Amino acid sequence: VQLVESGGGLVQPGGSLRLSCAGSGRTFNTYAMGWFRQAPGKEREFVATISWNGGTTYYADSVKGRFTISRDNTKNTVSLQMNRLKPEDTAIYYCAAALIPSTSEGYDYWGQGTQVTVSS
């Protein structure tokens, strides 16, 4: 599975962005998908995950209620809608694929990342 993220950019605090991750391969819809992020000088952290059919989602406490993960298996895409963005959301965001939803382990495939900067 190859993954390519898009949709990052510069946004003011309180604003919104929608990240997308396009997957290749006919097996995309069998994988759980996750979003992670890494800020400068910090370790990569879990953001959200979604099961293969979209029936199960899970979020990090820091984004719960502000971010929404979704997927469209007909288009081989997974999205992350980010609302009420804060400066501490600034990071490189990565999508990843795993056999089952997870907050850390099992992600075998990763995208190259897309930069999100929240600043006035």
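Cysteine 95 is buried, with a relative accessible area of 0% (buried means under 20%, exposed over 50%, partly exposed in between, using a 1.4 Å probe and protein chains only). This is a predicted model, where local features need pLDDT of at least 70, side-chain atom pairs count only at pLDDT 80 or more, and totals for chains, interfaces and linings use all residues. Residues are numbered from 1 along each chain as its sequence is written, and side-chain values use heavy atoms, leaving out hydrogens and water.

So what does cysteine 95 form with cysteine 21? A disulfide, with the sulfur atoms 2.0 Å apart; the term covers a pair of cysteine sulfur atoms within 2.5 Å. A search of the whole structure turns up 1 disulfide. The link is right-handed, with 50° about the S-S bond. Here are its two ends:

| Cysteine | Strand | Relative accessible area |
|---|---|---|
| Cysteine 21 | strand 3 (residues 17–23) | 0% |
| Cysteine 95 | strand 9 (residues 91–98) | 0% |

Strands here are DSSP runs (E, at least two residues), numbered from the N terminus.

Two strands pair if DSSP finds at least two bridges between them. Strand 3 and strand 8 (residues 77–82) have 6 bridges, in the antiparallel sense. Alanine 22, for one, has threonine 77 in strand 8 as its bridge partner.

Definitions and conventions:
Helices (H or I, at least four residues) and strands (E, at least two) are DSSP runs, numbered from the N terminus.
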